[in-house]
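Colleague: I'd like a close look at just one part of this model. Could you pick one chain and talk me through how it is put together?

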Amino acid sequence: MHEMTVRAEPVEGVGKLTARLKHAGSASGALMMLIVLCAVFAFSTENFLDGANLVNVAVQSTILLLLALPMTLIIMTEGLDLSMGAVLTLANVVLATVAVNTGGVSLALLAALGVGLAFGLVNGTLVSRLGIPPFVATLGTLGAAQGLALVVTDGQSVVGIPASVQMFYSGAFLGVPAPIWIAGIAYALFHVVLYHTRFGANVFALGGNREALTLAGVRTRLYLVAVYVIGGLMAGLAALLLTARISSGHPTAALGMEFDAIAAVAVGGTSFEKGKGWLLGTLIGVLAVGVLRNGLNLMGVTSAVQVSAIGLLVILALMIDAFRGKQS
Amino acid sequence: MKTPTLSSSAAASAQQNASGLQGLWQALPDPVRSVAFRLLALGLLCLALSFASDAFLTTTNLVNVLRQAALLFLLASGVTLVILTAGLDLSVGANVAMSACLAATLMKATGSITLAVFAGLGCGLLIGIANGLLITLLRLPPFIATYGMLWILHGVTYWFMKGETIHGFPPAFRAIGSGHWLGIPIPVYLMVAFLFIGVVFAQRTRWGQEIYAVGANPEAARLSGVPVKSRLVLVYAVSGAMAGLASLIFLARLNSAEGDIGEALTLPAIAAVLIGGTSLFGGVGSVFGTLVGALILTLVLNGMNLLAISSNWQPVVTGVIVVLAVFLDNLTRKGDRK
């Protein structure tokens, strides 16, 4: 029984090849969107294609990538984490508060990871143990994290972030900006874990083939909790980059950022219902969202309005997906 | 058959003892019992609050509670129909924001209250229909479609308002939100009217019953001739239109509109529905339950206010209540199955 389910995983043997081929479809969709967006902004703005601006797009996309990677795993399990932006915000104010009081990074980062771990555990438990639908469970914890961020700061900004924290966004190593190193390492880790470990194979099966996984004796609930915990921890790590970037803790800093992450995952071709996920697609999706926001910024469009454009991008991606589904 | 004599006779005598009140209680249909439980909780909450704070049992405070619950109920009543079909509408708050801003802009520009009212209701209705079409035609999961809609509306509203605030509306319009008749706020009359309409529609009309059927088992509903897709569009359209109505009341009460007006209402509206006993899995629940849910949530938040607890805690408490309500619903469902 066990052998059979493992063979059915899209990551091993023949399954791997067919999965890659199937993804080529979504790949071309996501990549095409990215290229079209780049072309549009190259023509409609003057500075988009400047080297400095392109580096800027990459650096600004790092925080989003840290959220979109675990969001891909969560969505693959037919889940959703609406609380990610609020948890990132709470981790941001906690990290900022601890950093200002201790003057160092390590304790502050630990505190932020602790916040993420706690919310990940709660989300995972609500979803896997108590059977609460993920979008409602995480809508509830969204409210909780959002409120707690206000309670911790009493609605005020936390300023005076030490330089040792700021370095994580503005610093560079071997000529490459620090946030790119962090995001790149995170991406590589996710790739290895998802495609080359038993854990990853089981995460694939959690979405498309949960019953078989349970029959094979895998503790599916534990895996579900783990997936949400990874989401929380990554939000905690993203808080380090966010705090360094905005040099402060702000009680509404990243509210709504989960939408960018979900959008990137959807544009990247990960399905909400079939347990199909694709990490490289998510990376392309993150860049597409990053390019869209950057290009609109250059055109003087405000951040709130950029969100509408991202929403339209998602609907476009889903329509292409639905159209493909009908064809095949 | 003979071995369990002791226990079976004990059970029989217990049943005899219980034949009075408890028998009556057991005979009640499930939905009535579920609402009765919630009414009991509401009563206990009132009792606790009247002991905890002297300011609770004053006319001003109670009228205030009713006024707030009315707005919440009107918004949540539409969401109730959506959740009865096992769907979800995460866009109601953003819908309120956009409808209110559109109505406010038109009222300022033309001075016409009628135009503003129709614009607010129409805007809400159109957004609801758009949700319904995304869900039925594109087959998107409801929470994804309405969540995407939330952010699209958010952006369009900000673009349209350009960060400005519109304030100062004609007294005749403001009466919708802050007016009184016989000492009772106008929204409360609207609440009673829509409670009546909602209960009759859901329980006594064919369409209402079909909505329950779609939620309980869409496949069975389809096979027995229910036009599932058009009923789904209907519930999202109603939810949108009720958000449009709520936006007018909210606008009239605040007497000013900003881009984020009403956005924070989504979580409380969904909370009111879930506290009221409507199941996220569809087919179970009632509009009357949602009224009780709206009153319970409003009382909890009002109590926190009276006890001088910072309003920062409100989303935390609302979030916890949402999760708790779904958890309790799951528990009782498991109990039913056994």
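Modeller: Two residues are in contact here if their C-beta atoms, placed from the backbone, lie within 7 Å. Keep in mind that this is a predicted model, where local features need pLDDT of at least 70 and side-chain atom pairs count only at pLDDT 80 or more, while totals for chains, interfaces and linings use all residues. Residues are numbered from 1 along each chain as its sequence is written, and chains are lettered from A, with ligands numbered from 1, in the order in which they are written.

Chain B has 15 helices and four strands (DSSP runs, H or I of at least four residues for helices and E of at least two for strands, numbered from the N terminus). Its radius of gyration is 22 Å, close to the 20 Å from the globule rule for 338 residues, so chain B is as compact as a globular protein of that length. That radius is taken over C-alpha atoms, and the rule is 2.2 Å times the number of residues to the power 0.38.

Now zoom in on helix packing. Two packed helices are described by the angle between their axes and the distance between the axes. Axes are lines fitted to C-alpha atoms, for helices over the stretch in contact, and angles run from 0 to 180 degrees between N-to-C directions. Helix H6 (residues 113–136) of chain B and helix H12 (residues 228–254) of chain B cross at roughly 150°, their axes coming within 7 Å. That makes H6(B) roughly antiparallel to H12(B). The cut-offs are under 35 degrees for roughly parallel, over 145 for roughly antiparallel, 65 to 115 for roughly perpendicular, and oblique for the rest. Their contact involves 17 nonpolar residues, 10 polar and one charged. Ala, Val, Leu, Ile, Met, Phe, Trp, Tyr, Cys and Pro count as nonpolar, Asp, Glu, Lys and Arg as charged, and the others, Gly among them, as polar.

H12(B) also packs with helix H10 (residues 206–216) of chain B, at about 105° with the axes 10 Å apart. H10(B) and H12(B) are therefore roughly perpendicular to each other. On the H10(B) side you'll find Trp207(B), Glu210(B), Ile211(B) and Val214(B), and the H12(B) residues they meet include Val228(B) and Arg231(B). This contact has seven nonpolar residues, no polar and two charged.
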